[in-house]
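Student: I have a model here and want to know what stands behind the labels. Can we go through them one at a time?

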Amino acid sequence: MSLLNLQLKVWRQNQGQPGHFQEIQARGIPDHASFLEMMDIVNERLIKDGSDPVAFDHDCREGICGMCSMTINGIPHGPEKATTTCQLHMRKFRDGDTIWIEPFRARAFPVIKDLIVDRGAFDRIQQAGGYVTVRTGAAPDANSILVGKEVADAAMDAAACIGCGACVAACKNASAMLFVSAKAGQLNSLPQGQPEKDRRTLGMVRQMDKEGFGNCTNQYECEAACPKEISVRWITKMNRDYAIASAKEAFVGTTERTEGGE
Amino acid sequence: MSAVFDSLSRFYASSIGKKILVALTGAALVVFVLGHMIGNLLVFAGPDAINEYGHLLQTALHGGGVWIARLGLLAAVGIHIIATIQLTRQNRAARLDRYGKEASQVSSKSSRTMIWSGLTILAFIIYHLLHFTVRVGNEYNSAAYKTTLHGEEVHNVYKMVIDGFSWAPASIFYVIAMLLLSSHLSHGVSSLFQTLGLATHRTEPLFKKLGHAFALLIVVGNCSIPLAILVFGYGR
């Protein structure tokens, strides 16, 4: 084990106030500490010195909950591919490195404190259609609808999204398209999701627009930053699904109305 | 009827709706850029070839064809520019606090400068129309630029092109504009397949190569005309 001496530039901000970078010396950091453990060590020392510790989000620390965030040297979740901040280890850095640590920056993700942002916009997008209304009942009922292996695998790839928001943070325009397309695409691919496909696509995209995210410019920084390697092909599918749903809404009307009318 | 228009205005107001319009108008402009280049390369086939081509465009559908094309292109350019400016403003507003340390992993420089390459191309289009279509600040509308072809008096496109590009500043601006157009196309062509929902795991690498090849073809084809005239003295 070797020890690292690092120069941190950490974003400090209180809700509703302008923020700034604070320079913090992180000395004697074990190289097999995780990034969050490094932050814990730094905070212990800040608390001991009587200063305000750095606020950051974390929960499971095993890369599956989507709680940890942080933009590290300009890349959400740091430099390692397909890895969350909690699974990033200090051995990826060199002694003497300067590390920039910033929140996931987007107008739709307001800073609560320091590195903690409010990702409630994602919850509201989910509530706008990211579910199947039908009661699936017990296991035998769910199994009565056959799902092809390829379809199930593809839906599972989209379902791997942990909703961390790295796609928004990495996007040059703070667009949420990768998240929304994974959540909508997962259900839109499955037979259980078909009845509400159009309503779901329109609802989720409209809520996404309302939250003040930017627009996709097909640069794919989101895919590169995603800790779960969600493919931008889900965005292709959402573009297609949205065009079809909009056309149906404009020229045919909603399903309920056509079925309800005598 | 108004229900349809409500839905269409809602479609335009949405992020994906505007992007689809940008992609569709972009596709129309891509086709125009290719056709325009092929037509202009007729300058290398000699005066009669390009003069006949110019005369054909001017007289198609009793002179209405060229106006249909112009109005169509004006609409495409207008929608393309208005929608992208609106989208870009929203994109800027979506991240008010910039990163202290900016990093890019996979995005190309072309993709990050689309609005600037695009607006420069707009400035070029205005100059280009004043130069060769409206012909202000030059003598290209005068009797010196008329010639006879098959016993008919037609505009001498050949002489206009040769004289136009014999002036170095114009040729240099054309070449710079074509380099920016090529940068714009290198991201735009493959991007339109993604926005229209047509890219798949299999086809995306092909679309990307196609976009780069198309951008290269346009820059080489279009720059060959001013360079041949100015540097190699073609037709002078």
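Tutor: Start with the sheet in chain A. This is a predicted model. Five strands form an open, mixed sheet in the order β2-β1-β5-β3-β4 of chain A.

Student: What makes β2 and β4 of chain A edge strands?

Tutor: Count partners. β2 (20–30) and β4 (75–76) of chain A each have a single partner strand, so one side of each lacks a neighbour in the sheet.

Student: How do you know that β3 and β4 of chain A pair?

Tutor: Two strands pair if DSSP finds at least two bridges between them. Two bridges join β3(A), residues 71–72, to β4(A), so the pair qualifies. The two strands run antiparallel. A:Thr71 stands opposite A:Pro76 in β4(A).

Student: Which strands does helix α1 of chain A lie across?

Tutor: Helix α1(A), residues 35–48, lies across β1 (3–12) and β2 of chain A. Its angle to β2(A) is about 105°.

Student: Now chain B. Which elements does it hold?

Tutor: Chain B has nine helices and two strands. From the N terminus the run is α-α-α-α-α-α-β-β-α-α-α. Of its 236 residues, 27% are buried.

Student: Why is the packing of α6(B) on α8(B) called oblique?

Tutor: Helix α6(B), residues 114–133, packs with α8(B) at about 140°, with the axes 9 Å apart. The crossing is left-handed.

Student: What makes up the contact of α6(B) with α8(B)?

Tutor: From α6(B) come residues including B:Ile121, B:Phe124 and B:Tyr127. From α8(B), B:Phe173, B:Leu180 and B:Leu181 are among them. The contact divides into nine nonpolar, seven polar and no charged residues.

Student: How many residues of chain B are in contact with chain A?

Tutor: 38 residues of chain B are in contact with 41 of chain A. Elements giving two or more residues to that side of chain B are α1 (2–13), α2 (15–40), α4 (64–93), α5 (109–112) and α8 (168–195). The largest share, five residues, comes from α2(B).

Definitions and conventions
Residues numbered from 1 in each chain as written. Chains lettered and ligands numbered in written order. Predicted model: local features only at pLDDT ≥ 70, side-chain atom pairs only at ≥ 80, totals over all residues. Helix = DSSP H or I, 4+ residues; strand = E, 2+ residues; numbered from the N terminus. Buried ≥ 20, exposed ≤ 12 C-beta atoms within 10 Å, placed from the backbone. Contact = placed C-beta atoms within 7 Å. Axes fitted to C-alpha atoms, helices over the stretch in contact; angles between N-to-C directions. Left-handed = near helix turned anticlockwise from the far one by under 90°. Nonpolar A, V, L, I, M, F, W, Y, C, P; charged D, E, K, R; others polar.
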